[in-house]
Amino acid sequence: MRTFAVSATSFGREPARLSDLLARGPVVLDGAMGAELDARGIDTRNALWSARALTTAPDVVREVHSDYLDAGARVITTNTYQATLPALIRSGEDTAGAREIIAAGARLAKEAARQFGKEHPEEPVLVAGGLGPYGAYLADGSEYTGAYSIDILEGPRLREVHLPRIEVLAGEGINLFALETLPRLDEAQALVAMVKSLAPQAECWVSFQVRSDGASLADGTSLAEAAARVAQEEMVVAVGINCVAPDVVGRALPVLRAATVKPLVACPNAGDLYDPATKTWHSTGEGAGIPALAPSWIDVGARLVGGCCRTRPAQIRRLARTVRP
């Protein structure tokens, strides 16, 4: 089993809960992990994507977390979006080693947050456990379509992918979860139920993957229906979208606002196009950037605002200056 030079110690003071931070105003999320690893020479073109760096470059993962905090993010997400037990075992790890890698994702983020807290004790910082969809485990781009060939509600495979990761993260003291890029309502509901069963005192936010119309999930389900359904859960403190082009956010937020009174999440990518075959992104060079559009999103109700794929600390810094002048 691998060992990791990271610590599982706590922050030294009890951080606020996300609901507390949201009550004060908009909260800045971090940006992409994979893009930043690529920029620092860490190859992410594999089935584990950025999660591979938890074993090959843990110090770089910690540095990326720290850079986002320095840029103005006040919630950072563990590098576990694609780190699931079956995927890690498929890559050659045994069960114990796979669980340790997931745990390292939590510890690295917590170390970065703890160090930032020492230097900025007046700034509350939270670490969210990153939970990607079943499509991320498949590593075939199906998180952008929701075209899974499994029974979400009855089949055991979904639980095999999601449950161990939640269990490990909760065991590392994570009490906030980011349920991200969910293309289907049934998976979102199942994932919320799993978090509730393993970490009943935790909070979470749910962000969906939507079509360009901003009104439908990737699988065609009504975004309004999906938002209203998941918002009924008390532990869900915010609902929104992520990894869509920035211009889609403006179309989706009014739909979300009409469906729920809870704070909204806006976490678009940089507007580029993803090729699941080559596992690469291609710049479109179109549209306004996240910092420029964020004020209009906040006017509609966005309270968790950050960046997804292909965004970097420089963009989060500009975003933070806009959101928290």
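Student: In which sense do E5 and E6 pair, and over how many bridges?

Tutor: Keep in mind that this is a predicted model. E5 and E6 are parallel partners, with 5 bridges between them. Tryptophan 205 sits opposite alanine 238 in E6.

Student: What does E4 do with E5?

Tutor: E4 (residues 176-182) runs parallel to E5 (residues 203-208), joined by 5 bridges.

Student: OK, zoom out. What's the strand order of the open sheet?

Tutor: The order is E1-E10-E7-E6-E5-E4-E3-E2, so that's 8 strands with parallel pairing. At the edges are strand E1 (27-28) and strand E2 (75-77), each pairing on one side only.

Student: What holds strands like that together, in general?

Tutor: Strands of a sheet pair through backbone hydrogen bonds, in either a parallel or an antiparallel way.

Student: Is E6 mostly covered or mostly open?

Tutor: Mostly covered: 7 of its 7 residues are buried.

Student: Which residues of E7 sit on which side?

Tutor: Leu264 and Ala266 are on one side of E7 (residues 264-267), with Val265 and Cys267 on the other. These four are all buried, so both faces of the strand are covered. In a regular strand the side chains alternate between the two faces of the sheet.

Student: What lies across E5 and E6?

Tutor: Helix H10 (residues 223-231) lies across E5 and strand E6 (236-242), running at about 170° to E5.

Student: Switching to loops. Where is proline 183?

Tutor: Proline 183 is in the loop between E4 and helix H9 (185-198).

Student: Buried or exposed, that proline 183?

Tutor: Buried, with a relative accessible area of 0%. Leaving out residues up to four places away in sequence, proline 183 touches Pro133, Ser142, Glu143, Thr145, Gly146, Tyr148, Gln209, Leu217, Ala218 and Asp219.

Student: How far apart are proline 183 and tyrosine 134?

Tutor: They are 49 residues apart in sequence, and 9.5 Å apart in space, C-alpha to C-alpha.

Student: Now helix packing. How do the axes of H4 and H6 cross?

Tutor: The axes of H4 (residues 58-71) and H6 (residues 95-119) come within 9 Å and cross at roughly 45°. That angle makes H4 oblique to H6. The crossing is right-handed.

Student: Which residues make the contact between H4 and H6?

Tutor: On the H4 side they are Pro58, Val61, Arg62, His65, Ser66, Leu69 and Asp70. H6 brings in Leu108, Ala109, Glu111, Ala112, Ala113 and Phe116. By class, the contact of H4 with H6 has 8 nonpolar, 2 polar and 3 charged residues.

Student: What about H4 and H13, are they roughly parallel or oblique?

Tutor: Roughly parallel. Their axes come within 8 Å and cross at roughly 25°, where angles under 35 degrees count as roughly parallel. The crossing of H4 and H13 is right-handed.

Student: Which residues of H4 and H13 meet there?

Tutor: Asp67, Tyr68, Asp70 and Ala71 in H4 meet Pro313, Ile316, Arg317 and Ala320 in H13. This contact has 5 nonpolar, no polar and 3 charged residues.

Student: How does H12 cross H13?

Tutor: H12 (residues 290-300) and H13 have axes that come within 9 Å and cross at roughly 35°. The crossing is right-handed. Ile290, Pro291, Ala294, Pro295 and Ile298 in H12 meet Gln315, Arg318, Leu319, Thr322 and Val323 in H13. Those residues divide into 7 nonpolar, 2 polar and 1 charged.

Student: Last one: how many helices and strands does the protein have, and what share of residues is buried?

Tutor: There are 13 helices and 10 strands, and 58% of the 325 residues count as buried. Also, among contacts between residues at least 6 apart in sequence, 78% join residues at least 24 apart.

Key
Residues numbered from 1 in each chain as written. Predicted model: local features only at pLDDT ≥ 70, side-chain atom pairs only at ≥ 80, totals over all residues. Heavy atoms only, no water. Axes fitted to C-alpha atoms, helices over the stretch in contact; angles between N-to-C directions. Helix = DSSP H or I, 4+ residues; strand = E, 2+ residues; numbered from the N terminus. Parallel < 35°, antiparallel > 145°, perpendicular 65-115°, else oblique. Left-handed = near helix turned anticlockwise from the far one by under 90°. Contact = heavy atoms within 4.5 Å. Nonpolar A, V, L, I, M, F, W, Y, C, P; charged D, E, K, R; others polar. Pairing = 2+ DSSP bridges. Buried < 20%, exposed > 50% of the residue type's maximum accessible area, 1.4 Å probe, protein only.
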